[in-house]
Amino acid sequence: MTKHKVLKKWIEECAELCQPDEIYWCDGSDEERERLEKEAFAIGEITQLDQEKLPGCVYHRTAVNDVARTEHLTFICTTRKEDAGATNNWMSLEEGYQRAGAILKGSMRGRTMYVIPFSMGPIGSPFSKYGVELSDSIYVVLNMRIMTRMGNPVLDALGDEGEFTRCLHGKAERDINKRLILQFPEDNTIWSVGSGYGGNVLLGKKCLSLRIASYLGRQEGWLAEHMLIVGIQDPQGKITYIAGAFPSACGKTNLAMLVPPDALKKKGFKVFTVGDDIAWMRVKEDGRLWAINPEFGFFGVAPGTNWKTNPTMMTTIKRNTIYTNVLLKPDKTVWWEGGDGDPPSEGQDWKGNYWRPGITDEEDKIINGANPNSRFTSPAAQCPCIDPKWEDPEGVPISAFIVGGRRAYLAPLIYQSFDWQHGVFVGATMASERTAAQYGKLGEVRRDPMAMLPFCGYNMGDYFSHWLDLGKRLTHPPKVFHVNWFRTGEDGEFLWPGFGENLRVLDWIVRRCGGDGADARETPIGYVPTLGALDMDGLDLPAGTMEKLLSISAGDWAEELKGIEEFFAKFGDRLPSEIWDEYRALNRRLGNGTR
Ligand code: OXD
Ligand code: MN
């Protein structure tokens with residue numbers, strides 16, 4: 001199987017702890033998939049869907065108390081607390097191993113431990129990292145086959161002594177009081193126990209590709225970011241790659257798969273998807289930043305995905321897809337709120353209960369058929385607009401970053417930072433307002449630097465320094481832009497139509513990068529398009545809308561600065577002085593003198 005002594009010894013140790021009845025090495029073959037699916041059908045872990053309408057698709061429900069990432073049970077385990085920093089939960093290594101170990105102990109009795117060798121990134125790419133996940137869940141194996149390159153080729157690539165991230169996952173009792181998601185960056189190790197939900201248990205994704213990888217990236221001089229990667233082909237045929245960071249519920253996956261509006265399509269615009277969630281980026285000899293998507297599939301939120309919001313994804317998920325916690329229809333197909341067509345007249349909801357439209361609970365509240373965080377897991381290769389270079393081991397060159405959030409009034413539709421350092425400040429001050437659909441106070445601003453708040457595996461003050469340092473090595477740094485698709489008018493309605501029309505904004509970005517001098521005016525917060533600078537062919541907005549979308553209120557920004565100052569204070573002396581310089585410079589440009 002493998003001659004990798006360290007790997008074998010580690011597996012023995014984990015087996016000693018968890019006491020599985022059997023250990024099974026996953027080879028990644030199609031035959032294996034079929035066999036494991038059959039086993040999972042037999043024990044009811046997954047259900048086969050209608051193979052004519054949804055070929056290769058299966059259905060799964062997680063435990064009712066286990067439907068989302070549990071950030072309060074997620075810890076960075078480091079020797080020194082300050083290395084995890086103010087925005088992470090911290091535990092010592094000893095406490096982490098001891099507490100999770102006590103839950104894992106003997107927890108796989110009567111079960112099989114699957115050994116899942118996987119690669120984040122194309123096997124053999126200088127960007128890629130290998131991991132081995134041990135898990136007692138067939139659902140995890142089936143998901144990892146879609147989300148990562150998995151099986152024998154990875155063992156071959158690891159050879160006798162290749163470095164790998166040690167990932168141990170045990171479902172245990174799936175009791176929320178016995179659930180821990182632990183990252184040990186100093187040991188290149190992840191332990192996840194007590195959960196069966198994707199974000200907590202597909203350890204290659206958030207745990208490895210963001211928390212552990214961001215730590216490794218700092219040590220090794222590269223970036224692991226919570227970013228989509230999209231290629232925009234202009235009418236001349238030139239493709240410009242953009243990476244974008246957005247907090248959840250801001251349309252990241254939709255943006256990665258944007259469909260050009262007709263007028264721009266006719267001109268020759270095309271959009272290609274490289275990734276929808278994670279980007280790993282390195283500075284190459286040419287002084288540019290190159291990116292890969294380390295993942296192999298999409299683990300996307302189902303509700304709200306439909307033929308209007310994301311037709312590309314709708315096509316992608318018609319085959320070989322795992323549906324989790326959506327509504328199961330009697331004809332063994334699936335449905336979700338904000339999906340297509342009328343709701344079915346009845347079905348089984350995500351909890352497995354009988355469901356029909358309008359059904360209410362004891363408190364008279366409408367019961368959803370699908371959990372709001374229900375998901376699909378689907379192979380990226382099935383995406384109709386997947387970029388021809390998405391598996392290029394060398395990655396794609398990034399010309400621009402876009403960051404953004406939901407801001408009802410503050411931020412204009414688009415602005416460009418003055419330079420790299422200012423761009424890092426813009427990313428560091430990213431924030432999004434909570435919507436009615438989210439917990440917390442409506443309209444309350446959650447600061448989420450680079451959308452990395454729950455994913456940065458080390459002190460976020462050091463993370464800002466790392467960005468600043470990396471910029472010094474770039475002779476052609478990506479330009480940094482901030483977008484806000486969510487600005488509203490006095491009536492509370494969105495001013496900008498969003499979705500495919502966002503390409504008009506991306507086109508302005510591309511032109512700003514290409515040096516054709518797309519028009520902009522300088523404002524205190526950065527460069528903002530002049531009225532008329534966006535290509536509005538085929539889109540008629542009511543008079544005065546563009547003015548509102550691009551306006552900047554010094555008063556609102558003065559308020560914003562107070563929130564930023566409060567947030568930055570958390571980082572104490574780990575916040576780089578350059579970030580405070582940018583804060584003061586913005587304050588000055590807004591006409592508030594020095595603070
Ligand atoms: C995700 C997330 O699932 O960011 O991608 O939570
Ligand atoms: Mn994400």
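**Entry 1: the shell of ligand 1**

I began with the make-up of the shell around ligand 1: one nonpolar residue, one polar and four charged. For these classes I took Ala, Val, Leu, Ile, Met, Phe, Trp, Tyr, Cys and Pro as nonpolar, Asp, Glu, Lys and Arg as charged, and the others, Gly among them, as polar. I note that this is a predicted model, where local features need pLDDT of at least 70 and side-chain atom pairs count only at pLDDT 80 or more, while totals for chains, interfaces and linings use all residues. Residues are numbered from 1 along each chain as its sequence is written, chains are lettered from A and ligands numbered from 1 in the order in which they are written, and side-chain values use heavy atoms, with hydrogens and water left out.

Which residues surround ligand 1? I listed R69, K206, H226, D277, R375 and F455. A residue counts as near if one of its heavy atoms lies within 4 Å of the molecule or strand.

Next I looked up polar contacts to the ligand. The term covers a pair of N or O atoms within 3.5 Å; within protein, one must be able to donate a hydrogen and the other to accept it, and residues adjacent in sequence count only if both atoms are side-chain atoms. R69 has a polar side-chain atom 2.9 Å from an oxygen atom of ligand 1. For D277 I noted 3.2 Å from a polar side-chain atom to a ligand 1 oxygen atom. For H226 the corresponding value is 3.3 Å, again to an oxygen atom of ligand 1. Taken alone, ligand 1 exposes 200 Å², and the protein buries 84% of that. These areas come from the Shrake-Rupley method with a 1.4 Å probe; for residues, only the protein chains shown count as cover.

**Entry 2: the manganese ion**

Which atoms coordinate the manganese ion (ligand 2)? I found K206 (NZ), H226 (NE2) and D277 (OD), at 2.2 Å. Donors are N, O and S atoms within 2.8 Å of the metal (3.2 Å for Na, K and Ca); water is not among the atoms, so sites may look incomplete. Along the chain the donors follow the spacing K-x19-H-x50-D. K206 lies in helix 8 (residues 204-220), and H226 in the loop between strand 12 (223-225) and strand 13 (227-233), so the pair ties together parts that are 20 residues apart in sequence. Helices (H or I, at least four residues) and strands (E, at least two) are DSSP runs, numbered from the N terminus.

I then checked burial. K206 is buried, at 7% relative accessible area. H226 is also buried, at 8%. Buried means under 20% relative accessible area, exposed over 50%, and partly exposed in between (1.4 Å probe, protein chains only).

**Entry 3: helix 14**

I compared the span of helix 14 (residues 503-514) with expectation. At 1.5 Å a residue, its 12 residues should span 16 Å, and the end C-alpha atoms are 16 Å apart, which agrees. The expected span is 1.5 Å times one less than the number of residues.

Why is helix 14 called largely enclosed by the rest of the structure? Nine of its 12 residues are buried. Among them are L503, W508, I509 and R512. G515 follows the helix, with a positive phi near 80 degrees.

**Entry 4: positive phi in one loop**

Most residues other than glycine have a negative phi. I looked up A172, which has a positive phi near 45 degrees. A172 sits in the loop between strand 9 (165-170) and strand 10 (180-184). R174 is not a glycine either, and its phi is positive at about 50 degrees. R174 too is placed in the loop between strand 9 and strand 10.

Is each one buried or partly exposed? A172 is buried, at 12% relative accessible area. R174 is partly exposed, at 31%.

V426 is in helix 12 (residues 420-428) and is buried, at 3% relative accessibility. H422 is in helix 12 as well, and is buried at 2%. From H422 to I212 I noted 27 Å, C-alpha to C-alpha, and 210 residues in sequence.

M150 lies in strand 8 (residues 149-150) and is buried, at 11%. M150 and H226 are 22 Å apart, C-alpha to C-alpha, and 76 residues apart in sequence.
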